[in-house]
Amino acid sequence: MFGLLGPNGAGKTTLMRILCTLLEPTAGRIMFDDIDRLRHPQRVRELIGYLPQEFGFFKRLNAREYLDFAGGMKGLSAAERRRQIPELLERVNLTDAARRPVGGYSGGMKRRLGIAQALLGQPQVLVVDEPTAGLDPEERLRLRNLLAELSVERIVLLSTHVVADVESACSRIAALDRGRLKFVGSPSELMKQAVGRVWHLDVNPEEYARLQGRLKIISARRTDEGFALRVLSDNNPLGRGAAASATLEDGYLCLMDTGPAAQSRGVPA
């Protein structure tokens, strides 16, 4: 599983749509092994299953009817649809709900049905765009585990702005910001961006108000005396901070820190 990480508006969805042949690029080249995506888009479509960030269903259809319709649109024969649909419903844990109208599904169930749709035709590459957006914690975890399971058999390209979505399952990560690639590497390499730059700092309310515009505060927790802060800084803040272990999210925040201080450190803008 390969994670594409970036804030909202970074260009992730645009890139996904270009890869999946829904948008034409203005320049550049895209290769799927030896297949040129610009010259042979239909061959690329046969390799890819796509779950967009926003997708719609016919609310009165049940899951079996919807997948039968989607399979027909993909050019699968009736016999092939009859074979694949029960397997996919079982794979995404929707067999018991397969006869219910899709309009009554929860957000997580709709996402899982969307993944089943993307898997019709047994694609070699599964592209999923912000699949956990708007889901509750339990459904988010279930979907992450499902994608990790699917990545055993195929390449999964996961686009998200949530660091936790890529932390547990992705062996490689790319970070995109304002249309530019800022990082490609392993999660541990991204985490190293923050090593030696994360501090715990206890402050009173007056100090907290004064420091908000001066320090990169990752988190603030209220205490009896004031606030316990987790801070990103090159130097020991106020001379009394305690060094803290870096996380993947800390590394990502360091990478995306493009203010004057970050630029002076050589972080690419």
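Author: Start at the beginning of helix α3. A side-chain oxygen of N62 comes within 3.1 Å of the backbone nitrogen of R64 there. Helices and strands here are DSSP runs, numbered from the N terminus: H or I for helices, at least four residues, and E for strands, at least two.

Reader: Before we go on, what kind of model is it, and how are residues numbered?

Author: It is a predicted model: local features need pLDDT of at least 70, side-chain atom pairs count only at pLDDT 80 or more, and totals for chains, interfaces and linings use all residues. Residues are numbered from 1 along each chain as its sequence is written, and side-chain values use heavy atoms, with hydrogens and water left out.

Reader: Fine. Which residues of α3 are buried?

Author: A63, Y66, L67, A70 and G71, in a helix that runs over residues 63-73. Buried means under 20% relative accessible area, exposed over 50%, and partly exposed in between, with a 1.4 Å probe and protein chains only.

Reader: Where do they sit around the axis?

Author: On the same side of α3, because they cover an arc of only 130° around the axis. That arc is taken from the directions from the helix axis to the C-beta atoms.

Reader: What covers them?

Author: The cover includes α4 (78-91) and α5 (107-119). Contact means heavy atoms within 4.5 Å.

Reader: And what follows α3?

Author: G75, with a positive phi near 90°.

Reader: Switching to aromatics. How many pairs are there?

Author: Three aromatic pairs. Rings of Phe, Tyr and Trp (its six-membered ring) pair if their centres lie within 6.5 Å; planes under 30 degrees apart count as stacked, over 60 as edge-to-face and the rest as tilted.

Reader: Where does Y66 come in, and what is the geometry?

Author: Y66 pairs with F57. The ring centres are 4.7 Å apart and the planes stand at 75°, so this pair is edge-to-face. F57 is buried, at 16% relative accessible area. Y66 is buried too, at 9%.

Reader: What about F58 and F69?

Author: Their centres are 5.3 Å apart and the planes are at 85°, so that pair is edge-to-face. It links distant parts of the chain: F58 lies in the loop between β4 (48-51) and α3, F69 in helix α3, 11 residues apart.

Reader: What sits over the ring of F227?

Author: The charged end of R222, 4.8 Å from the ring centre. The rule asks for NZ of Lys or CZ of Arg within 6 Å of the ring centre and within 35 degrees of the ring normal.

Reader: How many disulfides?

Author: Zero, taking a disulfide as a pair of cysteine sulfur atoms within 2.5 Å. C20 is in none; the nearest cysteine sulfur belongs to C170, 16 Å away. C20 is buried, at 7% relative accessible area.

Reader: And C254, buried or exposed?

Author: Buried, at 1%. C254 is one of the buried residues of α10, along with L248, D250, G251, Y252, L255 and M256. Seven of the nine residues of α10 (248-256) are buried, so the helix is largely enclosed by the rest of the structure.

Reader: New topic: S159. Where is it?

Author: In strand β6, residues 155-160. S159 is buried, with 0% relative accessible area.

Reader: What does its side chain contact?

Author: The side chain of D129, in a polar contact at 3.2 Å. A polar contact is a pair of N or O atoms within 3.5 Å; within protein, one must be able to donate a hydrogen and the other to accept it, and residues adjacent in sequence count only if both atoms are side-chain atoms. Leaving out residues up to four places away in sequence, S159 touches L4, K12, M16, V128, D129, E130 and P131.

Reader: Which residues other than glycine have positive phi?

Author: Among them are D33, near 55°, and L238, about 60°. D33 lies in the loop between β2 (31-32) and β3 (35-36) and is exposed at 74%. L238 lies in the loop between β11 (227-232) and β12 (242-243) and is partly exposed at 40%.

Reader: Last one. What is the overall picture of the chain?

Author: It has 11 helices and 12 strands. Of its 269 residues, 46% count as buried.
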